[in-house]
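Here is a walk through one model, from a single side chain out to the whole fold and back again. Have the structure open and follow along.

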Amino acid sequence: MTDCSFNEKFMREAYNTAQASQGEVPVGAVIVKDGKIIAKSFNLKEKENNPCLHAEIAAISEACKKLGSWRLEDTTIYVTLEPCPMCATAILYARIPYVYFGAYDSLYGAFGSALNMQDYINFYPQIKGGIMEKECSELLKSYFQLRR
């Protein structure tokens, strides 16, 4: 499997997870280790009444429990939207070395679009955006069109 199809396979899983978000802003995150999904989540802010429960944070928490460590070295995170500053910071502090995201976020994207959290935290993962960008962007646009 090429890197491109490998990345798309797991981004597709993040996308499917976002689609199952049940009234939340449809963002999905998947964490992979050794070619296997070890954690995944969608946003849970509304369901849990917790502003910190973005998809990335929930998936990181699940992965940490599963691995028994806050260090998620040798993992990859796939997320349908460029992480916000809170989530980017959590990704960097968890030491996730590979970050792949779908849609860019010009307002809050913290891996280069609005700001880059790597400028503030001394950890430098490999980051690639734009994987399934059109599909991920359309999912978010559809959600917000229904609510406006």
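Is Glu 135 buried, partly exposed or exposed? With a relative accessible area of 31%, Glu 135 comes out as partly exposed. Keep in mind throughout that this is a predicted model.

**Salt bridges**

Glu 135 has a partner: its side chain meets that of Arg 12 in a salt bridge, at 3.8 Å from N to O. Arg 12 sits in helix H1 and Glu 135 in helix H5, so this pair ties together parts of the chain that are 123 residues apart in sequence. Arg 12 is partly exposed too, with a relative accessible area of 33%.

The structure holds three salt bridges. Here they are side by side:

| Salt bridge | N to O distance |
|---|---|
| Arg 12 – Glu 135 | 3.8 Å |
| Glu 13 – Lys 40 | 2.6 Å |
| Arg 71 – Glu 73 | 3.5 Å |

Take the bridge between Glu 13 and Lys 40. Glu 13 belongs to helix H1 and Lys 40 to strand E2, so the pair ties together parts that are 27 residues apart in sequence. Glu 13 counts as partly exposed at 24% relative accessibility, and Lys 40 is partly exposed at 37%. As for the bridge between Arg 71 and Glu 73, Arg 71 is partly exposed at 37% and Glu 73 is partly exposed at 40%.

**A charge without a partner**

Now for Glu 56, which lies in helix H3, residues 55–67. Glu 56 is buried but has no salt bridge. How far away is the nearest side chain of opposite charge? That side chain is Lys 45, and it is 10 Å away. So what does Glu 56 touch, if we skip residues up to four places away in sequence? The list is Val 27, Ala 29, Ile 77, Val 79, Leu 81, Pro 83, Cys 87 and Ile 91.

For contrast, go to Lys 47 in helix H2, which covers residues 45–48. Lys 47 is exposed, with a relative accessible area of 58%. Lys 47 and Asp 74 are 27 residues apart in sequence, and their C-alpha atoms are 31 Å apart in space.

**The core**

In soluble globular proteins, nonpolar side chains tend to be buried together. Here the largest nonpolar core has 42 residues. Those with the most contacts inside it are Met 11, Ile 31, Ile 60, Leu 72, Tyr 78 and Ile 96. Which elements give two or more residues to this core? They are helices H1 (3–19), H3, H4 (85–93) and H5 (133–147), along with strands E1 (28–33), E2 (36–42), E3 (75–81) and E4 (98–103).

Leaving aside its neighbours within four places in sequence, Ile 60 is in contact with Ile 31, Leu 72, Ala 90, Ile 91, Ala 94 and Ile 96.

**Aromatic pairs**

A search of the whole structure turns up four aromatic pairs. One of them joins Phe 101 and Tyr 104 edge-to-face, with 5.1 Å from centre to centre and 85 degrees between the planes. Phe 101 is buried, at a relative accessible area of 1%, whereas Tyr 104 is partly exposed at 42%. In the pair of Tyr 143 and Phe 144, the ring centres are 4.9 Å apart and the planes are at 85 degrees, so this pair is edge-to-face as well. Tyr 143 counts as buried at 14% relative accessibility, while Phe 144 is partly exposed at 30%. Ring pairs also link Phe 10, Tyr 78 and Tyr 100 into a cluster.

**Zooming out**

How many helices and strands does the protein chain have? Five helices and five strands, and read along the sequence they follow the pattern α-β-β-α-α-β-α-β-β-α. The radius of gyration is 14 Å, close to the 15 Å that the globule rule gives for 148 residues, so the chain is as compact as a globular protein of that length. Along its principal axes, the C-alpha trace spans about 40 × 35 × 30 Å.

Of the 148 residues, 49% count as buried. Looking at contacts between residues at least 6 apart in sequence, 59% join residues at least 24 apart.

Technical notes: Residues are numbered from 1 along each chain as its sequence is written. This is a predicted model: local features need pLDDT of at least 70, side-chain atom pairs count only at pLDDT 80 or more; totals for chains, interfaces and linings use all residues. Side-chain values use heavy atoms; hydrogens and water are left out. Helices (H or I, at least four residues) and strands (E, at least two) are DSSP runs, numbered from the N terminus. Buried means under 20% relative accessible area, exposed over 50%, partly exposed in between (1.4 Å probe, protein chains only). Lys and Arg count as positive and Asp and Glu as negative; His and the chain ends are not counted. A salt bridge is a side-chain nitrogen of Lys or Arg within 4 Å of a carboxyl oxygen of Asp or Glu. Contact means heavy atoms within 4.5 Å. Rings of Phe, Tyr and Trp (its six-membered ring) pair if their centres lie within 6.5 Å; planes under 30 degrees apart count as stacked, over 60 as edge-to-face and the rest as tilted. A nonpolar core is a set of buried Ala, Val, Leu, Ile, Met, Phe, Trp, Tyr and Cys residues joined through side-chain atoms within 4.5 Å. The radius of gyration is taken over C-alpha atoms; the globule rule is 2.2 Å times the number of residues to the power 0.38.
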